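Please keep the sequence and the model at hand while reading.

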Amino acid sequence: MSYFSAHFRVCLAVLCVLQAQVMVAASIPSNVLEPVHNDLTLGKADDAISLLGSSLAANPEDAEAHNLLCRVYYQEQRWDDAIRECEIAVQQRPMEGSYHLWLGRAYGEKADSIHSIKAYGLAKKVRDEFEPAKT
């Protein structure tokens, strides 16, 4: 097992612990969230992406929708897309710890998937995102 692989496994374990401490404040109506959560539960990522895309077309400043889209992409292992959406969510609501948590997760998975020296730079980003997620 490589150093980076072991390091990211530890980081992911820390994430699981931190997730229990983070609360999510939804900014989009629950009637929009419910179908997205149902789509995710049923493995209908394409439907969730479509629904969130429509929501974001109407309100591009909706940080919660960007965060949910990040989570859909994360589930689909589309790391670059997940990172992009999480970065937008964090930029729009920098005090929301759960958004930093998901961004850190996406950075970690991306780093674990590239298996190169570039992973070191992403490891620093993972740490930088986990710090605000603890609060």
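Is the crossing of H3 and H4 left-handed or right-handed? In this predicted model, H3 and H4 cross in a left-handed way. The contact of H3 with H4 involves ten nonpolar residues, two polar ones and no charged ones.

Two packed helices are described by the angle between their axes and the distance between the axes. Helix H3 covers residues 45-58 and helix H4 covers residues 63-75; their axes come within 10 Å and cross at roughly 160 degrees. An angle over 145 degrees counts as roughly antiparallel, and H3 and H4 are therefore roughly antiparallel to each other. On the H3 side, the residues that meet H4 are Ala-45, Ala-48, Ile-49, Leu-52, Ser-55 and Leu-56. Their partners in H4 are Ala-65, His-66, Leu-68, Leu-69, Val-72 and Tyr-73.

H4 also packs with helix H6, residues 97-114: the axes of H4 and H6 come within 10 Å and cross at roughly 30 degrees. Angles under 35 degrees count as roughly parallel, so H4 and H6 are roughly parallel to each other. The crossing of H4 and H6 is left-handed. H4 contributes Ala-63, Glu-64, Asn-67, Cys-70, Arg-71 and Tyr-74 to this contact, while H6 contributes Ser-98, Tyr-99, Trp-102, Arg-105, Ala-106 and Glu-109. By type, the residues of the contact of H4 with H6 are six nonpolar, two polar and four charged.

Methods
Residues numbered from 1 in each chain as written. Predicted model: local features only at pLDDT ≥ 70, side-chain atom pairs only at ≥ 80, totals over all residues. Heavy atoms only, no water. Axes fitted to C-alpha atoms, helices over the stretch in contact; angles between N-to-C directions. Helix = DSSP H or I, 4+ residues; strand = E, 2+ residues; numbered from the N terminus. Parallel < 35°, antiparallel > 145°, perpendicular 65-115°, else oblique. Left-handed = near helix turned anticlockwise from the far one by under 90°. Contact = heavy atoms within 4.5 Å. Nonpolar A, V, L, I, M, F, W, Y, C, P; charged D, E, K, R; others polar.
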